[in-house]
Amino acid sequence: MSKHVLLNSVEHLDLKVITARGAEFGDNVWFTPTFPLEFRSVQAHYPIFFHKDAATGQFFSVAVFGFTHHENLFLHDDNWRGYYVPLTLRRQPFLIGKQVVREDGTEQTQSVIHLDLDSPRVSKAQGEALFLPLGGSSPYLDEVSSMLKTIHLGLQDNAAFVALLLEHKLLESFTLDIQLDDGSKHQMIGFYTINEDTLAALPTDVLGQLHAKGYLQAIYMLIASQANVRTLLKLKNQLNASAAA
Amino acid sequence: MDTVIKHIVIVGGGTAGWLTAAILAADHNTDNGQLLNTGALHITLVESPDVATIGVGEGTWPSMRNTLQRIGISEAEFITQCDASFKQGSQFNNWRNNSGDSYIHPFSLPAGMPDFNICPYWLPFKQQVSFADAVNAQARLSLAGLAPKQISTAEYSFINNYGYHLDAGKFSSLLQQHATRVLGVNYVRAHIADITNTVQGDIAAIITKDGAAITADLFIDCSGTASLLLGRHLAVPFVPQKQVLFNDSAIAVQVPYQQPDEAIASCTQSSAQPVGWIWDIGLQSRRGVGQVYSSAHCDDKQAEQQLRRYLQQSGILDTDQLTLRKLSFTPGHYARCWQNNCVAIGMAAGFIEPLEASALTLVEWSAKYVSAQLPLPASLVSISAARMNQAFSQHWQQIIEFLKLHYVLSKRSDHDYWHDHRESSGIPSALQNLLQLWQHKVPSAHDVTHSDVLFPAASYQYILYGMGFETRGYPELKPTLQKKAHGLFEENAKRIQQLAAALPGNRQLLDKIRQYGLPPI
């Protein structure tokens, strides 16, 4: 379970956060949300697809790490294989919250940092300090703060991106059929990607509109990222081979 | 020269008129949701500002999903604007023998249907499990108040088949908005004072109160029970059905929920009464309840008492504050729905009590039938008309027989009403013959002979065995098919369990749809 609280320098002065990667810290995820602002880094290593959030039915862009639940093929010996770690994982155990404050008599919503106190990353003994001994936030916390801002903007931008894709019928569902070296066959369903036929037939004014927002580049990075399914396959085969050995 | 039907005038702006306008316009004047410059039809809907629409008819069949998608309305917009909820079937309470009995006629087909008739393989187990629960998950899940889909299920797609409960007035407004703003339908508010003919006896024009003549190649009469064009002007004979289905009156009432988060029922509740039955439909913000009855068997006051008693039993302590609305109708239909250059759709073509909510379905069926005839050269109108008249006579006949079946199977004896329903003089002979057959074999596709059928064999099975009908002649049960059936029974039991854990409640999902919409794919 999780216990989200508003981060403050009094109660949480002594807390530290473990930044190592590992299944015990909840990194054994099949996929994690990403967004166009981050695609350039993500597409270098992972396939990017779309997935519907079960709670809202909304489409998210996701970086995919495996073929099934709790399978993250990039976690190895409790280490991430040296690649870029998407922000929505790196932000753990922090998340962005909303707070209503009264300023000059009017109510305003402010973004604030929340912390999941039940996260195994939260420690008193080891990890990165959140606050400096004499007060003020640590460089690590400053980094977290800017990361959360990027995620917040990135997810908003992703929603606009998805809305445009849906408007122009550029999303389609697909089934990924894979065959492993041991001959076993697997099927991955529930993901969506760019419909390349629709893309190829888009009128130039729509292309211009997508380009102006930077989404045309995002679309092509998405398509290119599909090649990383091979990386997943390679890692899965290696894993199976070492388990068999 | 043979002219092709181009100008269409629809008379009447209730749900029937706007649905018809939207279906014709979407089919012939749009491509991929976009209005064509070269649309084949010129459609005008004329609505009298003086005549109020009836505004009942709050249940649809699953076909409405296809219809809404076809005319290009997003499901989330429809659900939000029409106070709509999911309808997964009808639940019949106290129809069997007034002993607290209840069964569901769900929208989903039995497992294996239509290729494999599983029904005979259920007969040996009828003491252990109801037919509906043995062959399908929907009855159990809808009884538990669970929605037919999840928030991540694409719009108009389903996990269990569904139609809607909706606010008829709001639905009509949404259709009007969509038809006029998106689909290019012309809208004229005018009272019709007169109708003129051509020398051949076709309708030439309708004349408005201020003297304007509106001409068309084809007139569609959606004027409701007035049946201005088909019944009154063209004098097509009316075929009364009161001798079979006695109900000719209704008292309708809108009831608020007692709690804002009260569960929303997923089936239309139909509760048999000493005379007639009461419908109970749960929308998002209120319930719609109504007593349907036969004026020959009880007076309005008795009917009202039945309704008030029902409301009190369902937790409405103070029924005096509610506004009751009395409606009368003549059960029956016109001998032909298409005469000369005029087609009647909706109540202008006929009306039978709403026991299986077939009214809006007939509107959809009719509008789609007409749409499929177009574009139509004037010289071929009589051929299309004859074919449609034949098809819809069969539809009416089936509706009448299928509704009558509900009454004939009842063992209620608390009022003459029920005895009279079981009098053989009022039972159509085709139905009498089938009932004899069904004592020896279960209903199959061969018993429902015409095409594009409203009620498939499965519907007869759900009603017969829901009502405890005895089919005695056990058929030969082939071992391989027995095995297949048992596999399907087991799969269904598993599916019930899995879906019970995975599906949200109706209200929970409707609230989410208002917040997030539904994904288009």
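**Entry 1: chain A**

I began with the contacts of chain A: of those with a separation of 6 or more, 70% are between residues 24 or more positions apart. Two residues are in contact if their C-beta atoms, placed from the backbone, lie within 7 Å. The model is predicted, so I noted that local features need pLDDT of at least 70 and side-chain atom pairs count only at pLDDT 80 or more, while totals for chains, interfaces and linings use all residues. Residues are numbered from 1 along each chain as its sequence is written, and chains are lettered from A and ligands numbered from 1 in the order in which they are written.

I looked up the secondary structure of chain A and found seven helices and 13 strands. Helices (H or I, at least four residues) and strands (E, at least two) are DSSP runs, numbered from the N terminus. The C-alpha trace of chain A spans about 55 × 55 × 30 Å along its principal axes. Chain A has 245 residues, and 25% of them are buried. A residue is buried if 20 or more other C-beta atoms lie within 10 Å of its own, exposed if 12 or fewer, and partly exposed in between; these C-beta atoms are placed from the backbone.

**Entry 2: where the chains touch**

I found ten residues of chain A in contact with seven residues of chain B. The chain A side of this contact has five nonpolar, four polar and one charged residues. Ala, Val, Leu, Ile, Met, Phe, Trp, Tyr, Cys and Pro count as nonpolar, Asp, Glu, Lys and Arg as charged, and the others, Gly among them, as polar.

**Entry 3: a mixed sheet in chain B**

I traced an open sheet of six strands in chain B, in the order β9-β4-β1-β13-β22-β21, with mixed pairing. Two strands pair if DSSP finds at least two bridges between them. Which strands of chain B stand at the edges? They are β9 (186-189) and β21 (338-339); each has a single partner strand, so one side of each is left without a neighbour in the sheet.

Strands β13 (residues 218-221) and β22 (residues 342-344) of chain B run parallel and are joined by three bridges. Asp221(B) has Ala344(B) in β22(B) as its bridge partner. I then found helix α1 (residues 15-29) of chain B packed on the sheet, where α1 touches β1 (7-11), β4 (42-47) and β13 of chain B. The direction of α1 makes about 170° with that of β4(B). Axes are lines fitted to C-alpha atoms, for helices over the stretch in contact, and angles run from 0 to 180 degrees between N-to-C directions.

**Entry 4: domains and cores**

I noted two domains in chain B: domain 1 (7-58 + 167-240 + 331-390) and domain 2 (249-328). The bounds come from an automatic or database domain assignment. Taken over C-alpha atoms, the centres of domain 1 and domain 2 of chain B are 31 Å apart. Seven residues from domain 1 of chain B and nine residues from domain 2 of chain B make the contact.

The largest nonpolar core has 144 residues, and Val11(B) and Ala25(B) are among those with the most contacts inside it. A nonpolar core is a set of buried Ala, Val, Leu, Ile, Met, Phe, Trp, Tyr and Cys residues joined through C-beta atoms within 7 Å. A second, separate core has 27 residues, including Phe39(A) and Tyr192(A).
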